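Here is a report on how the parts of one protein chain meet. Have the sequence and the model at hand while you read.

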Amino acid sequence: MTPFQFSSMVPPLSNLHHPFFNPIKPPLTDGGFSRDEVRLANRNPGTLLEALRYDLTPAGLHYLLIHFDVPFVASADDWTLSIGGLVNKPIKLSLADLKQRPQRSMPVTLECAGNGRAGVAPRYQSQPWHHEGVGTAEWTGTPLKSLLEEAGLADSAHDVVFYGTDRGFGGGQEHDYGRSLSPEQALDDDILVVWGMNGAPLLPQHGFPLRLVVPGWYGMASVKWLDRIEVIDRAFDGHQQAGTYVYRASADDPGTPVTTVRVKSLMVPPGIPDVYTRSRMVEAGPVNLFGRAWSGAGVGISKIEVAVDGEWQDAKLDLELGQYAWRGWTFNWQATPGDHELMCRATDANGDVQPIDPRFDIAGFGNNSVQRLTVTVR
Ligand SMILES: Nc1nc2c(c(=O)[nH]1)N[C@H]1C(S)=C(S)[C@@H](COP(=O)(O)O)O[C@H]1N2
Ligand SMILES: [Mo]
C-alpha cells in the first residue's frame, strides 16, 4: 500500500483558482455597485465637488488612488532614489541630495484615467469614480531631466521605468507599481521628482517621501513612493503599463496606451443638497455658477460653455493658474422655478471638445463626457 503523501495532493498555489494568479474578472455591469467597488471607493476618496472652488486643492481634500497599500515610511532620512540599468553612470541620491539640486514648484492638475468610469455603460468593476478623481496641487521637486542627463542614457535605451515601493497583485502578476516613459517623454523639461505638496512634505498617501509628477498625463504616470528608475532596452511590459491603462473597445482589441489627459470641465453643484441623493435645491434669481476646466499635455482651455435645459451659452474664463493647472470659470444664471438640467463643456486650444455622451471603453478609461446636473429651483 502506498504511504499517504499529503504534499502530492496539494496543487501548487499558482494552479488554484485563486484571485492572485487567476484574477477574478467581474463581468461588465449596468447594475448597482458591488461590495468590492464600495470598498475601493472608501479607500480612494475623491475630491469633493464643492472643493473645486480652491485654486489649489488642500492636501486633505485631494483625491487619492492607491492600488495596493500605502507603504509605511517612518522617516525620509534613509530614503534613496537610484537610477540604473542602461545608463553611463548609475547614481543613488538621498532626499537631502535631491533637495540640493535646482528646485521648482508648479501647480499641476492630476486626474485619474478612470475618472468618470461610473458613467460608462456597461460598467467595468473597479474604482467607481463619478467625477471626483481630479485635483490640483502645487508640487515642489527637482527636474527629472537633469537627473537622467547626469546618469546618461545609453544609446540602447528604449524605456525609462519608474518604480514605487508598493507591491501587490494585479492581472495575475505580482509586481512593484511600475510605469515607463520613452526616453523622449522622460526628458521633458516639466517632469518633476517631487517631495513637496502645497508647501508641505508629501503626505503618506500622496507618496511620502518622493514621487514623480508627469504634468499633462493621467495620474497613473505620476509614480508615488518612487525609489528606483531603471533604463531598459525593450518596451516595459509590467502590468501597470501593458496589462492596464490601455484604451480598448473589446477584450481582444490590442488598444492604444492611455497617456495625456482629455479636455474636461466640472461645475460646483449650486444650491444646497439632499443628504443622500445629492439632489440640489436652488433659490430662484441670479445664481453664480462656478467650475473648472482643464486639458492634457500643457494645452490650454479656449472656451467653456454652459447649457441650461440644452441651450448652450458661453461662460467666462478666469485667469490661468499655470500651463498644467485647471482654469476657473463662472456663469451667471437667472434661475427660474422648476426642474432644470445644467451641463458644462470645455474646448481646448487644439479645438478638442468634450463629448455629450460617454464613449465606451472596456475599462472605463478617459471618460471626458460632460457633467449633467439636475437642480430644482424654488
Ligand atoms: N506607486 C504608486 N504610484 C501611483 C499609484 C499607485 O497606486 N502606486 N497610483 C497612480 C494613480 S492611478 C493615480 S491617479 C495617481 C494618484 O495620485 P494621488 O493619490 O496623489 O492623487 O497616483 C499614481 N501613482
Ligand atoms: Mo488613476
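Which domains does the domain assignment of the chain give? It gives domain 1 (25–257) and domain 2 (264–377); the bounds come from an automatic or database domain assignment.

## Basis

This is a predicted model, in which local features need pLDDT of at least 70 and side-chain atom pairs count only at pLDDT 80 or more, while totals for chains, interfaces and linings use all residues. Residues are numbered from 1 along each chain as its sequence is written, chains are lettered from A and ligands numbered from 1 in the order in which they are written, and side-chain values use heavy atoms, with hydrogens and water left out.

## The domain contact

The C-alpha centres of the two domains lie 27 Å apart. Contact (heavy atoms within 4.5 Å) links 39 residues of domain 1 with 29 residues of domain 2.

The area buried between them is about 3000 Å². Buried area is the accessible area (1.4 Å probe) that two parts lose on being put together, summed over both. Carbon and sulfur atoms give 61% of it. In domain 1, L52, R53 and V120 lose the most area to domain 2, together 20% of what that side buries.

## Salt bridges

There are 2 salt bridges between domain 1 and domain 2. A salt bridge here is a side-chain nitrogen of Lys or Arg within 4 Å of a carboxyl oxygen of Asp or Glu. D55 forms a salt bridge with R292. Their closest N and O atoms are 3.0 Å apart.
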